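Please keep the sequence and the structure in view while reading.

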Amino acid sequence: MNVLVTGGAGFIGSHLVDRLIKENKNVIIVDNLSTGLKENVNPSAIFYKMDIRSLNLKKIFQNHEIDTVYHLAAQIDIRKSLSEIEYEIDVNIKGSVNLLVNAAKYGIKEIYFTSSGGGVYGEQETYPTTEENSVNPESPYGIDKLAIEKYILCFQKLYGFKASILRLSNVYGPRQNPQSEAGVIAIFTNRMLKDKKIMIYGSGEQMRDFVYIDDVINVIFTIREENLDGIFNISTGKTTTVNNVFEMLKKEFIYKRTPIYLEKRPGELMKSQLSYKKIAGITGWKPKFSIEKGLKATAKWFKNNRK
Ligand SMILES: NC(=O)c1ccc[n+]([C@@H]2O[C@H](COP(=O)([O-])OP(=O)(O)OC[C@H]3O[C@@H](n4cnc5c(N)ncnc54)[C@H](O)[C@@H]3O)[C@@H](O)[C@H]2O)c1
């Protein structure tokens with residue numbers, strides 16, 4: 001079985017690839033290394049430095065009989081989705097449609113897509129947000145994630161493949177790229193490690209549902225093993241504020257500086273908290289990492305690997 005992972009040199013994608021390789025899958029990666037790193041690429045995978053918008057994408061499907069696609073490649077920065085909206089649409093929508101057209105043409109059997117809970121739901125009146133809540137994206141990034149979900153569901157009907165849409169909350173852990181503007185935990189961790197000043201946008205009381213990378217990879221495999229399809233929130237159902245994250249990490253790094261508070265940035269939500277009851281009800285999956293345990297593991301990895 002040949003598996004294609006787009007974005008396999010990135011944070012979540014590289015962990016997914018490692019796990020697929022452990023399970024003896026033949027893994028093909030397509031990644032343009034815009035935020036991903038070559039050093040993240042598992043040496044047992046076949047790596048193509050390629051853009052998902054490329055016309056050559058069809059050759060990947062022609063040369064490898066792809067059974068399953070994990071689609072993770074994306075422009076993930078909410079701010080950039082506002083300031084460079086044409087690039088955002090080009091990569092996230094056109095790139096994804098290019099992938100889907102080829103996937104359908106060459107007869108894949110299943111696709112997994114990493115959507116964004118915060119992105120597609122936006123602010124809600126009640127929390128935690130379930131898959132039944134209305135969708136109300138508040139950034140081009142969120143609109144594009146929702147549009148890709150719709151394309152996938154439409155193509156699923158037209159071409160009959162299985163499709164799992166994973167609405168992830170805020171994922172964190174080893175290998176998250178602190179250079180990209182998304183991922184407050186990686187940014188704080190990296191800056192504390194180098195004793196650099198830290199900026200917090202807004203009051204720092206923004207609440208996020210931080211889920212640890214191992215929990216995310218485990219649930220993706222559970223969904224596959226149980227042969228499910230549909231839309232699933234992947235989260236912890238709990239919230240932590242940005243200020244809390246700062247305080248907890250500060251202890252890990254014995255960081256002495258106080259944060260610099262700047263104006264809240266447009267497109268950023270005050271609260272994101274997703275219910276994972278649907279997937280828990282079907283499979284019994286539950287996240288195993290508390291925020292304390294996950295932050296410790298993340299800090300340890302950055303100390304050992306990014307100093
Ligand atoms: N990290 C999170 O908290 C989170 C939350 C919800 C959803 N997601 C989604 O999960 C996926 C992975 O995110 P991540 O956190 O690992 O980010 P990441 O930036 O580490 O990974 C994205 C990967 O896609 C690659 N890429 C970007 N544009 C590309 C293009 N045009 N062609 C080919 N490759 C391209 C990048 O080089 C990178 O390796 C994304 O789709 C993201 O929207 C992430």
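## Ligand surroundings

A backbone N or O atom of glycine 10 lies 3.1 Å from an oxygen atom of the ligand. The model is a predicted one: local features need pLDDT of at least 70, side-chain atom pairs count only at pLDDT 80 or more, and totals for chains, interfaces and linings use all residues. Residues are numbered from 1 along each chain as its sequence is written, and side-chain values use heavy atoms, with hydrogens and water left out.

Around the ligand there are 29 residues, of which Asp31, Thr35, Leu72, Tyr141 and Val171 come nearest; a residue is near a molecule if one of its heavy atoms lies within 4 Å of it.

| Residue | Part of the residue | Distance to a ligand oxygen atom |
|---|---|---|
| Glycine 10 | backbone N or O atom | 3.1 Å |
| Aspartate 31 | side-chain N or O atom | 2.5 Å |
| Threonine 114 | side-chain N or O atom | 3.2 Å |

The protein is divided into domain 1 (2-171 + 210-234) and domain 2 (173-208 + 238-273 + 289-305), with bounds that come from an automatic or database domain assignment. Their C-alpha centres lie 24 Å apart. In the interface, 25 residues of domain 1 are in contact (heavy atoms within 4.5 Å) with 28 residues of domain 2.

The size of an interface is often given as the accessible area lost when the parts come together. Here domain 1 and domain 2 bury about 2,400 Å² between them, 58% of it on carbon and sulfur atoms; buried area is the accessible area (1.4 Å probe) that two parts lose on being put together, summed over both. On the side of domain 1, Arg79, Phe210 and Tyr212 lose the most area to domain 2, together 35% of what that side buries.

Two salt bridges are counted between domain 1 and domain 2, a salt bridge being a side-chain nitrogen of Lys or Arg within 4 Å of a carboxyl oxygen of Asp or Glu.

Several elements supply at least two residues each to the side of domain 1 that touches domain 2, among them α1 (11-22), α3 (78-83) and α8 (213-225). Helices (H or I, at least four residues) and strands (E, at least two) are DSSP runs, numbered from the N terminus. Of these elements, α1 gives the most to that side, with four residues.

## Other salt bridges and backbone features

By the salt-bridge rule the count comes to 16. The side chains of glutamate 149 and arginine 167 form a salt bridge at 2.7 Å, N to O. This pair links distant parts of the chain, as glutamate 149 is in helix α6 and arginine 167 is in strand β6 (residues 162-168), 18 residues apart.

Most residues other than glycine have a negative phi, and most peptide bonds are trans. The peptide bond from tyrosine 127 to proline 128 is cis, with omega near -5 degrees. Proline 128 lies in the loop between α5 (117-121) and α6 (140-159). Aspartate 195 has a positive phi, near 50 degrees, and is placed in the loop between α7 (184-193) and β8 (199-201).

Note on methods:
Polar contact = N/O pair within 3.5 Å; in protein donor to acceptor, adjacent residues only side chain to side chain.
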